[in-house]
Structure formats: structure tokens, C-alpha cells
Amino acid sequence: MRLRVQNINLDIISVGGLYTVVQLPNYKVAIDLGICPRSSFNKAHVFFTHTHADHISGVIRHCASRRLLGLTPPTYVIGTEDAENFKSFMAVAGKLVRSDMEYKIEVVSPGDRVDINKQLCARSYRSVHRAPTQGYIFFELRNKLKPEYHGLTPSDLQGLREAGFELSAEIETPLVTYTGDTTIDVFHREPTLQQVKVLITEVTFFDQDVDKTEAKKRGHMHIDDIIDNPELFCQPAIVLMHSSSRFSGETIQQILEDRMPKDILERITFVPNDAPLDGF
Ligand SMILES: [Zn+2]
Ligand SMILES: [Zn+2]
């Protein structure tokens, strides 16, 4: 499902437990490949939040299809805890499907930075789930003149540059984050999540059959987690996904309208779990 929020293009499909794929088409970036839609073939960087099947199952098709289409080997970004299993899995998968499975791997621990291109980088942080999970914040990169050089003439600046001074510093501006599967705890722990323009996160449960406490035990968010912690959801845009297939998209939309405080609701875009899989 294609969305445009805060001038950022997104393409998201997600059903809790079944599949999740989050894509930033303008940057050729995907995060998680629970399945592998055709639209992900041109994504050269794939960030994995964790290795549950609904977040990683599409990786074989992605890797093999890029090779078949003559595209460059993809870069897979994965947490330290899963790196060795990932490499073994890809080696065996390559033998099974008789493809070389060429790819690059970047192994990350919380806080690590991954450079995507000159305009964009990502940093990982620890989410809270039943498997080792990291969310990612994507930062726009800009070089800005250091404050101490403000007000100098172009020829002064040129002179300093020629004398070997570094006049500008890189500024990271947080754009968008995707938490992966998580409990509410990550929002208490990571203040940067309140500074992004676009928050993409999960809400798996919406009624009292699985309440807030039980949702947390299962490593997920409940709608009450947002309602009870409005100060953590101050971002200009909030994208909710990964809802359980027990609820129809229509039912969830109604629950959101009935229960979510208005000032949060007007910033929410909900990705229904029954949205069509365009171009799969
Ligand atoms: Zn999941
Ligand atoms: Zn999971």
C-alpha cells in the first residue's frame, strides 16, 4: 500500500504474524521482507528488524531475483545475534535453489550507523520483543557551515579551505523510524523516537481478548499503549501496521475512531491488514 506522509513516500504491507514489508521507494530501501513483492526487487538495501518468519521469509526470492535480473548484490543489514545463522541459512538456501546468492552483509549492534548514500544513513536501536530486535531511524544527511565560520566572506572561506580547515560539519536530521515488532517499552527508552517526522510502528491487538498486559507478554503493542501514553506519540505522522488478522481493517478503523484521542488520530495513517498485495 503506497502512502505519502510528511513528503516521504512509503510502501507498506503488513499482517501481524503473517508478513510485513516496509519500503522507502525513493531511497531504494526496504525494511523486513516477510514476503517479497516485485516492488522490493530494486531495493538494494534491506534492513531486518528481527528474524521471525513474518519478517524475513522473502529474502531468498529477493536475493535470487536480483541476480536473475542482473541487479547488483543487495546489502542485508542484520543484528549481531542473528548474523551467523543468517549466513548459514543463505548458504544452504543457495545450494537448494542452485543460485550463488550473492549479497553483502552489514552486522549491527544498537547505536551502529549504516551509510546508505550521501543523503541518507540509518542508526539501529534496541526494540523490545520476544526475539532480539532492532528498530532503525533513517537520517537525512547535510553538510552545514560550522557556526564559527558564519559571517565570513566567500574569499575568506576559500582561503581557510585551501589552508586545510574543515569548514562544514555533517548534520543528521531524523526523518523516519520503523520500530519493528516491539512492546511500548522502546518508546520510554528511546527519546529520538519522538523527534522523527514519521513514526512507523506496530499495534497488534485492539480489544480486551488480548489486553495490554498480555500483549506486552507476547512482545507486542496494544492500542491502549498509545491511548495511555499520549506524550510518546507526538510525531507529525504516525503509521500503524502489523495488526492481528483476527480484526478486519474496517473493525480497526472503527476502534481507532471510537477510542483514539482526536489529536493523535488526525496524525495516524493505518495500514489495513486486508490491503491488497499490489503487484506481488
Ligand atoms: Zn511480526
Ligand atoms: Zn516478531
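**Entry 1: secondary structure and overall form**

I counted nine helices and 14 strands in the chain; helices (H or I, at least four residues) and strands (E, at least two) are DSSP runs, numbered from the N terminus. The model is predicted, so I note that local features need pLDDT of at least 70 and side-chain atom pairs count only at pLDDT 80 or more, whereas totals for chains, interfaces and linings use all residues. Residues are numbered from 1 along each chain as its sequence is written, while chains are lettered from A and ligands numbered from 1 in the order in which they are written.

Along the principal axes, the C-alpha atoms fill a box of roughly 70 × 55 × 35 Å.

For burial I used C-beta atoms placed from the backbone: a residue is buried if 20 or more others lie within 10 Å of its own, exposed if 12 or fewer, and partly exposed in between. Of the 280 residues, 39% are buried. Two residues are in contact if their C-beta atoms, placed from the backbone, lie within 7 Å. Among contacts between residues at least 6 apart in sequence, 59% join residues at least 24 apart.

I traced an open sheet of seven strands in the order 8-9-10-11-12-13-14, with mixed pairing. Two strands pair if DSSP finds at least two bridges between them. Strand 8 (113-117) and strand 14 (268-270) are the edge strands, each pairing on one side only. From one strand to the next, the twist averages 30°; the axes are lines fitted to C-alpha atoms, for helices over the stretch in contact, and angles run from 0 to 180 degrees between N-to-C directions.

Strand 9 (residues 120-126) and strand 10 (residues 134-145) run antiparallel and are joined by seven bridges. I checked Leu120 and found its bridge partner in strand 10 to be Glu140.

Leu145 also lies in strand 10. I recorded Leu145 as partly exposed, with 13 other C-beta atoms within 10 Å. Leaving aside neighbours within four places in sequence, Leu145 is in contact with His150, Leu167 and Ser168. The C-alpha atoms of Leu145 and Leu167 are separated by 5.8 Å, although these residues are 22 apart along the chain.

**Entry 2: helix 2**

I listed the buried residues of helix 2 (residues 59-68) as Val59, His62, Cys63 and Arg66. They lie on the same side of helix 2, because they cover an arc of only 90° around the axis; the arc is that of the directions from the helix axis to the C-beta atoms. An α-helix has 3.6 residues a turn, so residues three or four places apart point the same way. The cover over the buried residues of helix 2 includes strand 4 (29-33), strand 5 (45-47) and helix 1 (53-56). Just after helix 2, Gly70 takes a positive phi of about 75°.

Lys28 sits in the loop between strand 3 (19-24) and strand 4, and is partly exposed, with 17 other C-beta atoms within 10 Å.

His242, also a residue other than glycine, has a positive phi near 65°. I placed His242 in the loop between strand 13 (237-241) and helix 8 (249-259). His242 is buried, with 30 other C-beta atoms within 10 Å.
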